[in-house]
Amino acid sequence: MADTAIPSAIGGSEPAIGRGLKGLLLVAIPVFLVGWLIIYPIIAAILSTLFVDGPQGVHFSTASYQFFFSDPYSRANLALTLWTTGLCAVLLLLVGLPIALYLRFSTSRFADLVQSLAIFPMFVPSIILSYALIRTIGPNGTLDILLNAIGLPKIPSPYLTPWGPVIGLVWDNLPLTVLMLTAGLGSISNSAVEAARDVGAGPIRVFWHIILPRMGNSILVTISFTVLGIFSSFTLPYVLGPASPEMMGPFMLRTFNDLYDPLNAKTQAVISFVFCLFFGLFYVWSIARNQRSQTR
Amino acid sequence: MIRTYSSTSGRFDWTGFLFAVVLAIVIAVPLLVVFTWAFTEIWRYPAVIPQKFGLRFWNQTLSRADVWDALSISLQLSATVTALSALICLPAAYAFARMKFPGRDLFFLSFLASHAFPKFGLLVAIAAIFLQLNLIATFWGVVLIQLVGTLMLMIWIPVAAFQAVDRRMEEAARDVGAGPLRVFWSITLPQAGPTIFAAVLLTFVSTFYETEGAWLIGAPQIRTMPVLMINFINNQVVIQYGAVLSVILWVPSFIALMFARRVIGTGAFAKGFGA
């Protein structure tokens with residue numbers, strides 16, 4: 001994205017050092033904010049949970065981590081979070097991939113409609129979605145009303161069960177999944193697909209042998225992004241999910257705000273960082289690589 | 001989108017039809033339900049259609065003091081955050097797009113950090129810092145935490161806008177003697193303007209709906225609109241309050257977001273949301 005500046009551009013007559021300084025000054029405040037409010041808090045959270053104040057001054061201790069992993073309630077929350085995140089990632093791929101494939105290869109007039117519908121949830125804030133889902137699939141909600149009207153029994157409502165957040169999170173993250181997968185499919189050349197078809201490969205074999213190997217990277221980026229977003233999501237699990245066990249987002253908020261326990265809240269945050277470390281690194285690495293290839 | 005396959009021409013596109021119908025049901029029905037509830041006075045199970053439509057709950061919702069307080073706080077917060085974000089990020093975006101300075105690529109990528117960690121964990125780590133600085137439950141504490149969330153959007157989208165400006169026109173203007181400021185004002189800004197405006201709009205709307213930071217840092221003094229909505233959902237027996245608020249708040253933001261997407265294109269729009 002960042003193309004290399006042509007020297008004759010704005011300020012071309014100034015000496016190079018002055019220009020460099022001016023550029024640095026212009027980006028100073030946002031970069032400082034990243035350092036102060038992202039990098040520093042993360043390092044501080046890691047250090048302050050490992051080096052705690054004791055009677056003999058500051059000393060190294062893993063007590064808060066030992067507490068987290070020995071406490072059944074904390075472990076249940078972590079397990080629920082991992083279950084929800086994994087399930088949502090799989091469901092999003094299962095739903096998003098067919099839509100993305102359809103959008104990539106379809107010429108029909110339905111394609112535009114399908115795309116508009118698939119990215120529509122991007123325009124719906126999660127708080128309004130939560131409310132809408134409670135009224136729709138909650139107890140005596142619209143779905144129950146419709147089932148009752150045609151003489152079928154009510155559904156066991158997913159509201160306040162672990163399935164509530166799963167439904168909400170899949171709904172909420174569908175647009176980005178479809179967009180990222182469609183972008184990944186865009187790099188597959190038609191000639192490769194046509195060549196395979198010419199030698200008689202069916203749609204499944206084309207998908208398995210031609211398309212899938214070429215979009216492995218974009219599937220991983222999509223999964224990384226989804227995992228980062230869902231692992232510590234807050235609004236949907238808080239409103240739609242069960243009170244106990246709860247996902248890491250609501251758990252951290254309760255520990256921090258209701259129990260006034262910053263140490264354990266920070267420990268939970270660091271544990272979330274560790275579980276998402278691979279996905280975060282992969283996400284940054286792949287975007288940095290894209291930037292580079294566009295610059296060159 | 002490149003569409004080259006003509007295998008569907010002539011035949012009815014059942015796959016597309018099926019996708020469209022299923023998506024329409026799954027996505028539209030919950031929103032239609034909210035709209036129906038907002039204009040309903042009585043809707044008792046198991047009636048398929050509400051027993052009584054009406055605007056009674058619009059009056060009741062709009063006469064609640066907490067609704068107006070929350071709306072006022074939310075608008076103040078969004079306006080402050082958006083203005084500050086534009087003030088510090090747009091010059092930086094210009095520098096990233098046009099100037100060469102040491103560490104440029106690294107600094108540019110550093111904004112990814114806000115999306116590379118699980119969001120709520122990051123917020124808790126920031127909140128722990130704010131605890132020592134006595135910024136918890138203050139207006140400016142919420143401003144700061146929401147400002148961090150807008151950095152990437154307000155830098156990456158405008159950088160693309162500045163880079164898309166036709167450099168030959170700028171050079172032509174300079175050749176006929178226009179100064180740097182004049183070039184910026186008459187050539188650069190009109191071309192990059194719509195995209196930048198869309199980024200500002202996007203920042204405003206996404207800050208308005210930011211829930212997690214506002215709650216974690218702002219509670220209990222600073223109660224924004226989304227936080228009030230959560231309260232209505234959890235503790236309010238009158239269902240219609242939430243529905244009326246959803247309709248009032250969502251319609252303007254929806255129009256703003258549609259406009260923003262049209263201007264900056266779906267891909268960049270997704271990037272603004274962190275894709």
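How far apart do the end C-alpha atoms of residues 238-260 of chain B lie, and how much of that span is helix and how much strand? The end C-alpha atoms lie 34 Å apart, and the span is 96% helix and 0% strand, where helices (H or I, at least four residues) and strands (E, at least two) are DSSP runs numbered from the N terminus. Before I go on, this is a predicted model, in which local features need pLDDT of at least 70 and side-chain atom pairs count only at pLDDT 80 or more, while totals for chains, interfaces and linings use all residues. Residues are numbered from 1 along each chain as its sequence is written, and chains are lettered from A and ligands numbered from 1 in the order in which they are written.

UniProt, in an unreviewed entry, places the feature "transmembrane region" at residues 12-39, 73-94, 106-131, 137-162, 183-205 and 238-260 of chain B; UniProt positions are given in the numbering used here, feature names are shortened, and annotations may be inferred rather than shown by experiment. Over residues 106-131 of chain B, the chain is 85% helix and 0% strand, with the end C-alpha atoms 30 Å apart. Chain B has 12 helices and 2 strands, and along the sequence chain B follows the pattern α-β-β-α-α-α-α-α-α-α-α-α-α-α. The C-alpha atoms of chain B fill a box of roughly 75 × 70 × 35 Å, taken along the principal axes.

Turning to chain A, the unreviewed UniProt entry places "domain: ABC transmembrane type-1" at residues 78-283, a span that is 77% helix and 0% strand. Strand S1 (residues 51-54) and strand S2 (residues 57-60) of chain A pair in the antiparallel sense over 4 bridges, pairing being assigned if DSSP finds at least two bridges between two strands. S1(A) and S2(A) form a hairpin with 2 residues between them, and Asp53(A) stands opposite Val58(A) in S2(A).

Now the interface. The contact takes 94 residues from chain B and 93 residues from chain A, two residues being in contact if their C-beta atoms, placed from the backbone, lie within 7 Å. Helix H1 (residues 14-38) of chain B gives the most to the side of chain B that touches chain A, with 14 residues. That side divides into 69 nonpolar, 16 polar and 9 charged residues, where Ala, Val, Leu, Ile, Met, Phe, Trp, Tyr, Cys and Pro count as nonpolar, Asp, Glu, Lys and Arg as charged, and the others, Gly among them, as polar.

What is the crossing angle of helix H5 (residues 126-137) of chain A and H1(B)? Their axes come within 8 Å and cross at roughly 90°, the axes being lines fitted to C-alpha atoms, for helices over the stretch in contact, with angles running from 0 to 180 degrees between N-to-C directions. That makes H5(A) roughly perpendicular to H1(B); angles under 35 degrees count as roughly parallel, over 145 as roughly antiparallel, 65 to 115 as roughly perpendicular and the rest as oblique. The residues of H5(A) that meet H1(B) include Tyr131(A) and Arg135(A), and those of H1(B) include Pro30(B) and Trp37(B).

Finally, the axes of helix H12 (residues 248-258) of chain A and helix H6 (residues 119-132) of chain B come within 9 Å and cross at roughly 15°, and H12(A) and H6(B) are therefore roughly parallel to each other. Gly249(A), Met252(A) and Phe256(A) in H12(A) meet Phe120(B), Gly121(B), Val124(B) and Ala127(B) in H6(B), and the residues of this contact divide into 5 nonpolar, 2 polar and no charged.
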